[in-house]
Amino acid sequence: MKILVTGGAGFIGSAVIRHIISNTQDSVINLDKLTYAGNLESLISVSDNERYAFEQVDICDINELKHVFAEHKPDIVMHLAAESHVDRSIDGPDEFIQTNIVGTYNLLEATRDYWSTLPETRKQAFRFHHISTDEVYGDLEGTTDLFTETTPYAPSSPYSASKASSDHLVRAWHRTYGLPILVTNCSNNYGPYHFPEKLIPLVILNALDGKALPIYGKGNQIRDWLYVEDHARALYKVVTEGKVGETYNIGGHNEKQNIEVIKTICHILDELKPQKNGQPYESLITFVKDRPGHDLRYAIDASKIANELNWTPTETFGSGIRKTVEWYLSNMEWCSRVQDGSYQRERLGIN
Ligand code: NAD
């Protein structure tokens, strides 16, 4: 099969591509605009493979999208391209509306245009998989309730509202035009190649630099953490075995308060790379003013994907976070090229 992956140079998209190239015989076309979040250096392990191709395209450009469909003739689309950082969506929502809503609309139209010309058997087998977030459900007030596939949408931030909007478009294209879609809503991911503006890589790299470890409010926000390679495996399973028109929630069964996550990272670093001044890394924790509209708790009921598709995560939070810290310690060059901007400057031809 030929799989068109949008946003394949991002954190989760690159894990999906590494998974497909390493574990299947499928081909991948990575379609990515290469915003600040896109980093082709996350794909070095697979980019020479003859089953991998790259197209630098903005999903807001429908003509370019149509050109890619005509040239590569994919069997599957996995749509991950998005603006994904909540804080950035609060500072400037415009890009989020453009890419997440208008871009998804363009991609749906380019896909429908191409799909409608396919012979009947290929048309039946075609899949459009939209990758979304549990943040579309808003937050949970109780301590035991969970998001299911039928929880009503109540997004809180410009990011989650734009993702909710794109989910509705995708489902409408199924109901109205019969496009064979699947939607997944996943909890917070962590793992290798994560851009260091997000909590876990930011804490690891700040700690190693002896910088403050900022934590919003009291750090009591609860997130359900999923190791990114478990997510990549789940996504491939859904797109190849899931039922058309269905939604699957994906989660790690790993609810943790942010403060607990940070302290765990500090303890692992104390063991693997103690500070030269002998102080524990926890001494760097600094509480900062909470984010406006900050959701308190997210937690996923992932029983549908477990029961219907036999997927469960392989990593616990304890095993996954240790692997992640070890990965960052062994890949400081990838990190410093992101931190000093050289991963972007070189591809733009700037010295
Ligand atoms: P990311 O920000 O790391 O990567 C996004 C990628 O999309 C980048 O490579 C970027 O260059 C590309 N992109 C952005 N705008 C584009 C455009 N207009 N045209 C083409 N490409 C464009 O994001 P991520 O963390 O890998 O998330 C991937 C998807 O998974 C997103 O849709 C996100 O909403 C969803 N998701 C993320 C998480 C998480 O914890 N990171 C959890 C659940 C769902």
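User: What helices and strands does the protein have?

Analyst: The protein has 13 helices and 12 strands. The model is a predicted one.

User: What makes the radius of gyration agree with a compact globule?

Analyst: For 351 residues, a compact globule would come out near 20 Å, and the protein has 20 Å, so the value agrees with the rule. Along the principal axes, the C-alpha atoms fill a box of roughly 65 × 50 × 40 Å.

User: How many of the residues count as buried?

Analyst: Of the 351 residues, 54% do. As for the surface, the protein exposes about 15000 Å², with carbon and sulfur atoms supplying 49% of it.

User: Why is S166 called buried?

Analyst: Buried means under 20% relative accessible area. S166 has 1% relative accessibility, so S166 counts as buried.

User: Where does S166 lie, and which residues is S166 in contact with, leaving aside its neighbours within four places in sequence?

Analyst: S166 is part of helix α6. With those neighbours set aside, its contacts are N100, T104 and H130. Contact here means heavy atoms within 4.5 Å.

User: What share of contacts in the protein joins residues at least 24 apart in sequence?

Analyst: Among contacts between residues at least 6 apart in sequence, the share is 80%.

User: Which residues come nearest to the ligand?

Analyst: There are 28 residues around the ligand, and I12, D32, S84, Y159 and K163 come nearest. By type, the shell holds 13 nonpolar, 11 polar and four charged residues.

User: Which elements each supply at least two residues of the shell around the ligand?

Analyst: Helices α1 (11-23) and α6 (158-177) do, as do strands β5 (127-133) and β7 (188-190). Strand β5 gives the most, with three residues.

User: How much of the ligand does the protein bury?

Analyst: Taken alone, the ligand exposes 830 Å², and the protein buries 96% of that.

Note on methods
Residues are numbered from 1 along each chain as its sequence is written. This is a predicted model: local features need pLDDT of at least 70, side-chain atom pairs count only at pLDDT 80 or more; totals for chains, interfaces and linings use all residues. Side-chain values use heavy atoms; hydrogens and water are left out. A residue is near a molecule or strand if one of its heavy atoms lies within 4 Å of it. Accessible areas come from the Shrake-Rupley method with a 1.4 Å probe; for residues, only the protein chains shown count as cover. Helices (H or I, at least four residues) and strands (E, at least two) are DSSP runs, numbered from the N terminus. Ala, Val, Leu, Ile, Met, Phe, Trp, Tyr, Cys and Pro count as nonpolar, Asp, Glu, Lys and Arg as charged, and the others, Gly among them, as polar. The radius of gyration is taken over C-alpha atoms; the globule rule is 2.2 Å times the number of residues to the power 0.38. Buried means under 20% relative accessible area, exposed over 50%, partly exposed in between (1.4 Å probe, protein chains only).
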